[in-house]
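Please look through the sequence and the model shown here before reading on.

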Amino acid sequence: MRPLTEEETRALFEKLAKYIGENIQLLVDRPDGSYCFRLHKDRVYYVSERILKVATSIPGDKLVALGTCFGKFTKTQKFRLHVTALDYLAPYAKGFGVAAKSTQDCRKVDPMAIVVFHQADVGEYVRHEETLT
Amino acid sequence: RGKPPARGERLAGCLAAMAALCVEELLARAEQREAEPHRSVAVQKELELEFDLGNLLALDRNPPRAAGAQRESRLRSLARDNTQLLVAQLWGLPAGRAEGATGPLVAQLPEPFYRLPREKPLPRPRPPTRWEQFARLKGIRRRKRTSLVWDEAAKQWRRRWGYARAGGDPARDWLIEVPAGADPNEDQFAKRLRDKREKVARNEFNRLRNIARGALPGRGLHPTGHQSRAELGRATQVARVSTASLGRFQPRLPKEPAAPPPRGGKKRRFEPLLGDLAAERSRQLELLRGLGSKKPPLDLTRAVNKQLREEDAQAAKGKGKKRGQRGKRGRQRPGGGKGKKGGARRQQQRPAGRKRS
């Protein structure tokens, strides 16, 4: 278990910024407690200071998890966000999705082209409840 | 008019008065310092401390009253008090001067009371040599040998071995009687030589066998063919360090792994696990601010490389022009452009902060 390095923190924040934008500082600096990110076996955990102090007394190879797992770093050091982070990201979620084309291209493109990737379309599950298996 | 002497006298008088004043001041200050209550050297304790001065140990059995908000300061004063008592005991020991009359004052510590446990396990007893086994079996005990032996031929006390030893006179070999049961055609001189060589060889063989069994010092370091990887590693390490420079300038073998980093330095350092969380938070917020600014941060490496590339291009252009003027006229040299690009590509990997010579 160890804190994240500079590069790892940057990778994590860049990924989170795609979903919650500038509100990451609300995760980092919380009014109701001191929380931090810790890396354990390539997984990033978001854990309160109290739990962290207790977890230090467990041997590393016997520790399974602590706090909430936000995601993991792959073998090539890319950060993959997990669904377990949803509870913490949902309150601060940004809008609908990511633009597939730049603003200029959007005007010139044909009507059937894809313009937005709806990565964060939460309403889809509600709208298509009948059709989704 | 008498001014200079008067002035000189007055000056001297002034200086003397000033000196006297300074000295008085110093004395007054010293007295003041003596009078004001310093931290007292006396310490009050309910239970007396137990001392083991041989180990510089003081045992305090008083229950510590270090709890609550002022724990730190209470613990610190407790430590100071106990150290004071220990040092007072040390001053009570018989002392002497270390090196001559002007050396430092040294106390003579008594024998330690508490025995500290071993750091390493007991060494295994070595197996006995073949002779030791045989002697034990037969009950042969070691007899002290005399250094001089009576030489019958020379009728003298001669040394047991070495120069002019008893029985080592070369002249005695001029004749060897053929023993009763021996072959008359056998060369007795050659036989004697051969026997001696065999004895020496057998002794050497036994010595090596004892070493292989680990009965002699340096066991584990001689090649046996049955050593584990760990033992071989230890043997190589001992061999490496057995030079006059203690292995500092020993080159590594072709496939030997590089030297481990000096102890105390980890290969990769991380922040402490439960370090300053507030500092960590502020660092992360700074990072966030940098990420969110949407301005490309100044990549120092790339900026420096770009600058170097431009400089080199300028230099190459200047050189190319000169070459063109001096050399064959009218020949368009493609080397100028190629040199420029090649130089830039070659230098792109330099990190920032490179000193430009």
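## Confidence in chain B

Which elements of chain B have the lowest and the highest mean pLDDT? Helix 8 (residues 335-347) of chain B has the lowest, 44, whereas strand 2 (residues 57-59) of chain B has the highest, 93; pLDDT is the predictor's confidence in each residue, from 0 to 100, and helices (H or I, at least four residues) and strands (E, at least two) are DSSP runs numbered from the N terminus.

This is a predicted model, in which local features need pLDDT of at least 70 and side-chain atom pairs count only at pLDDT 80 or more, while totals for chains, interfaces and linings use all residues. Residues are numbered from 1 along each chain as its sequence is written, chains are lettered from A and ligands numbered from 1 in the order in which they are written, and side-chain values use heavy atoms, with hydrogens and water left out.

Chain B has a mean pLDDT of 81, with 83% of its residues at 70 or more. For the complex, the predictor gives an ipTM of 0.79 and a pTM of 0.36.

## The sheet of chain A

In chain A, five strands in the order 1-2-3-4-5 form an open sheet with antiparallel pairing, where two strands pair if DSSP finds at least two bridges between them. Strand 1 (2-3) and strand 5 (79-81) of chain A are the edge strands, each pairing on one side only.

Strand 2 (residues 35-40) and strand 3 (residues 43-48) of chain A are joined by six bridges, and A:Phe37 stands opposite A:Tyr46 in strand 3 of chain A.

## An exposed loop residue

A:Ile114 lies in the loop between helix 5 (103-108) and strand 7 (116-117) of chain A. A:Ile114 is exposed (over 50% relative accessible area, with a 1.4 Å probe and protein chains only), its value being 53%.

Notes:
Buried < 20%, exposed > 50% of the residue type's maximum accessible area, 1.4 Å probe, protein only.
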